[in-house]
Amino acid sequence: MVGKLDRVSKPLCGLMVALLAGLAGCGEKVENRLADYETPYDADSFLSRNLHPTVHFPSGLTLNFPGYVVGIEKISRSHIGPDPAVVNKYLITKGANAADDEDLQDLRGKLFREPKAMAVTHILRYASIGAKSPQPDGKAVDSSLPGRIDACFLYSIYEERDHSKPEAAGQAPSRPCPAAIGNDEIDVTKPGNPLDVPARANAWEHGLRALDRLADYAKADIAKSAETDRPYTHLLVFSMGWNTDQFEALRNFNSIANEFARAVEGCPIPGDKYCVAAHKVRPLVIVITWPSLWDWSNLLAVGGFDVLAKLASFPIKASDAREVGFGPANYLINKALAGIVADPTLKEKLKAKNVDLKVVGVGHSFGARLLAQAARSARYLAPGLRPAGTGGLDTFFALQGAFEIDRLFDGDGGRHSCATPTRQLAEGFNRVVLTASSKDAAVNLAFFGTYAGQHDGYTASKEKPAYCGLFTQATMDKDGACLNLNGTRQACATLAPLPKSASPDKHPPVLYLDASNSIQYNTHRTGGGAHSDIYRENVGRVLASLLNSEDTLADCPPAYKGLRVFCRPP
């Protein structure tokens, strides 16, 4: 018996020793494929890689519909810059008035005050390839998985580079996007183009320039769609919030976008003009991922300190969201995407299809803070970068926004009566829709000011004289219908109509939705009460209603037994 135990125990002991040695890092170390390219940016740790996993798994971690991912990371300024001379090429040095200048100097100061800066590190394009798979040279071959989503790189800093050259040098991304889209020739392999991997010291600037290449591709996508009966109608920019790595962000983007699509496709009466208009809505999606969590905070969960770490990170990540909004997201929305909207040839193509292309921003929590800062920051772009008469967001949908509601307005907010208007919706915003829920515990962490997602913000919008005439209050019910204060169902767009004039005093009020009966559940693997309850069909339906060009809900027959979210009240 002893002999048998001995014969069994020796192999088991050997196996345990081998396992322990492996866990301890003994033996030959096997490097990650991209380690040599990540290490110079200090982006090679396990947690740092959670901010760019799409670089490691471009085919496995994807949007499940056509669109773009803009990956932003926080990297040491000693590696990527920028110095003041570079920043001044893209952002002004002095604000137009005292309030703007104070805000501008605070934002510029953060760029140079802190040891790390936010930079675009990678951009991916996702395309539905149908029955043909595109090759890097633009040619197509029969696909063995028709309908799959294909991923390619527009830009990545995690590639080979020539450190001896100060300007862009090195190969294009290892999986470059096709050289041609439709009739618009776009060659990512051309030497000297913005996709060439930059020398590290220029990575901040080259990240901005790569957003122009994204715009080239997006414009080609839209132009090609204009040749069909389903042209793109909106550029839809998503940004997620606090404590969300890229894995989770892409899951969340997919959830909201697919619920929106289901709502559009599920409009109940196909022949009704409301549903006919709904079925024409087709957004081209661009998502922004950014480091909204501390790299090491998840490690503290082992000791039970993760909550304390996340609380400590709150003011830091609030500041980081503003930096992304001031820099990369500002350039993306107010320069790159604004250039698409302003393009005269594209305008004519879309006009023939009765399409007036709009830019829409949807942000959750600190993602809403990021987009709010981006919309406001159009005024801070250097002269000549922003196309005349463009920029900002045509619609801004802030889901449980973690930003002060005062950030939506310009002018003095200190009045004590409603007699004389002293504030207006800030330049960069055209239509704003906010949700607030009494079940949200996360936004109550705000140390000062009233956050948009707080129910106290909704109450203040009704009661404080400083907000007279600036808000329209309504309710979002459990199914995603918009109800006016009389409790009557309306198209959400009628409660927040787009302005008929560019004059600031013609801007409509902000639509403030009390979503306490809709955003009401805790979401799996999240904290903050109902803060993250935004990935269900109810939110998709509100977004679908906001983007519908038809103001009157569908005329559902009395015998209709389905969901009446999109039906006129009886």
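Let's start with Cys152 and Cys177, which form a disulfide with their sulfur atoms 2.1 Å apart; the word here stands for a pair of cysteine sulfur atoms within 2.5 Å. A disulfide is a covalent bond between the sulfur atoms of two cysteines. The torsion about the S-S bond of Cys152 and Cys177 is about 95°, so this disulfide is right-handed. The pair links distant parts of the chain, 25 residues apart: Cys152 is in strand S5 (residues 149–156), and Cys177 is in the loop between S5 and strand S6 (180–181). When I say helix or strand, I mean DSSP runs numbered from the N terminus, with at least four residues (H or I) for a helix and at least two (E) for a strand.

Before I go on, a word on the model: it is predicted, local features need pLDDT of at least 70, side-chain atom pairs count only at pLDDT 80 or more, and totals for chains, interfaces and linings use all residues. Residues are numbered from 1 along each chain as its sequence is written, and side-chain values use heavy atoms, with hydrogens and water left out.

Are those two cysteines buried or exposed? Cys152 has 4% relative accessibility and counts as buried, and Cys177 is buried at 1%. The cut-offs are under 20% relative accessible area for buried, over 50% for exposed, and partly exposed in between, with a 1.4 Å probe and protein chains only.

A search of the whole structure finds four disulfides, and I'd like to show you two others. Cys482 is joined to Cys492, S to S 2.0 Å. The torsion there is about 95°, so that disulfide is right-handed. Cys482 lies in strand S16 (residues 482–483) and Cys492 in helix H15 (residues 492–495), so the pair ties together parts that are 10 residues apart in sequence.

Then there is Cys556 with Cys567, S to S 1.9 Å. Which hand does that link have? With -75° about the S-S bond, the link of Cys556 and Cys567 is left-handed. Cys556 is buried at 8%, and Cys567 is buried at 0%.

Now please find strand S11, residues 395–399. Five of its five residues are buried, so S11 is largely enclosed by the rest of the structure. Thr395, Phe397 and Leu399 point one way, while Phe396 and Ala398 point the other way.

What are its neighbours? Strand S10 (residues 358–364) runs parallel to S11, joined by five bridges; two strands pair if DSSP finds at least two bridges between them. His364 has Leu399 as its bridge partner in S11. From S10 the chain passes through helix H13 (residues 366–376) to S11, in a right-handed β-α-β crossover. Right-handed here means that, with the strands pointing away from the viewer, the path from the first strand over the helix to the second runs clockwise. Strand S14 (residues 432–436) is also parallel to S11, with three bridges, and Phe397 has Val433 as its partner there.

Last, salt bridges: a side-chain nitrogen of Lys or Arg within 4 Å of a carboxyl oxygen of Asp or Glu. The structure holds 29. Glu114 forms one with Lys74, closest N and O atoms 3.9 Å apart, and one with Lys110, at 3.1 Å. Glu114 is partly exposed at 24%, whereas Lys110 is buried at 4%.
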